[in-house]
Amino acid sequence: MDGEQIQKLREHDENLRKMKCEELWRACQIPLLHRKFVEARTKVEKDRKEVLDTLIFALGTGFIYGIHADNDKGKTQVGAWLCRIACNRGKSAMYIRVADLFVGLHAAITNEHGSVLEKARADLCIPCLLVLDEFGKYKSDSTFAPQELENILDKRHTSNHDTLILTNLRLEPFRDRLGPGICSRIKDGGGFIHMDGPSFRGT
Ligand SMILES: Nc1ncnc2c1ncn2[C@@H]1O[C@H](COP(=O)(O)OP(=O)(O)OP(=O)(O)O)[C@@H](O)[C@H]1O
Ligand SMILES: [Mg+2]
């Protein structure tokens with residue numbers, strides 16, 4: 001094989017790699033608004049960049065990080081950027097609001113076919129990165145869904161899959177709502193990050 005053919009093969013491999021990254025990115029379910037900012041490569045400015053860098057450094061370690069901040073501080077955007085970076089590395093990622101997760105889990109739990117619950121669990125355990133947004137905004141009526149969430153986070157943590165939890169709650173109510181089981185796993189690998197800086201909306 002001559003140099004030109006080797007070069008062509010390399011280009012072909014690189015194109016396949018890029019296609020896979022794009023496929024993973026499309027499958028993340030990031031809200032359109034936040035996808036747009038990532039795809040436009042809008043600059044991630046200082047306050048968010050520091051947080052993002054911490055998370056990027058920890059990618060692939062099985063972390064559970066909790067980011068707490070007031071409205072409009074760019075939490076969802078950080079989650080979107082992190083998904084993009086995971087996908088660029090060829091890793092699967094998934095974004096979901098906790099309200100939607102509880103509704104899905106509740107439907108699965110009450111379904112008479114056990115396989116539905118198994119699938120719902122697997123869908124949340126398989127992605128290498130899971131971003132859970134708007135934690136604490138919605139309280140589940142049943143205790144099953146929060147219990148399931150704890151089991152899922154435990155499975156993810158022990159399988160070295162990363163989880164990012166975003167909330168508007170202050171630290172203490174956030175920890176109370178997560179419960180001691182999840183908090184101790186956060187201590188084990190990850191942490192709580194308070195995000196500050198100017199608000200985005202209306203600027
Ligand atoms: N890079 C950016 N450049 C300009 N505007 C941005 C950028 N990222 C986000 N925004 C705008 O700022 C808004 C707030 O960002 P984001 O939704 O990430 O904050 P948040 O902390 O998740 O807010 P909330 O608590 O309300 O969910 C976005 O809805 C979007 O309109
Ligand atoms: Mg948000």
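In this predicted model, begin by selecting helix α6, residues 114-125, together with helix α7, residues 144-158. Their axes are 9 Å apart and meet at an angle of about 45 degrees. The crossing of α6 over α7 is right-handed. Now show side chains for R121, L124 and C125 on α6, and for I152, K155 and R156 on α7; these residues make the contact. Sorted by class, the contact of α6 with α7 holds 3 nonpolar and 3 charged residues, and no polar ones.

Next, select helix α2, residues 32-39, and helix α4, residues 75-88. Here the axes come within 9 Å and cross at roughly 60 degrees, and α2 and α4 are therefore oblique to each other. α2 passes α4 in a crossing that is right-handed. On the α2 side, pick out H34, R35, F37 and V38; they meet T76, Q77, A80, W81 and R84 of α4. The residues of this contact between α2 and α4 comprise 4 nonpolar, 3 polar and 2 charged.

Setting aside neighbours within four places in sequence, L82 is in contact with L52, L55, L129, V131 and L164.

The last two stops concern backbone angles. Most residues other than glycine have a negative phi. Select E134, which sits in strand β3, residues 129-135. Its phi is near 60 degrees, a positive value in a residue that is not glycine. Is E134 buried, partly exposed or exposed? E134 has 18 other C-beta atoms within 10 Å and so is partly exposed, because a buried residue needs 20 or more and an exposed one has 12 or fewer.

Finally, go to N160, in the loop between α7 and β4 (162-167). Phi of N160 is near 65 degrees, again positive in a residue other than glycine. N160 has 12 C-beta neighbours inside 10 Å and therefore counts as exposed.

Notes:
Residues numbered from 1 in each chain as written. Chains lettered and ligands numbered in written order. Predicted model: local features only at pLDDT ≥ 70, side-chain atom pairs only at ≥ 80, totals over all residues. Axes fitted to C-alpha atoms, helices over the stretch in contact; angles between N-to-C directions. Helix = DSSP H or I, 4+ residues; strand = E, 2+ residues; numbered from the N terminus. Parallel < 35°, antiparallel > 145°, perpendicular 65-115°, else oblique. Left-handed = near helix turned anticlockwise from the far one by under 90°. Contact = placed C-beta atoms within 7 Å. Nonpolar A, V, L, I, M, F, W, Y, C, P; charged D, E, K, R; others polar.
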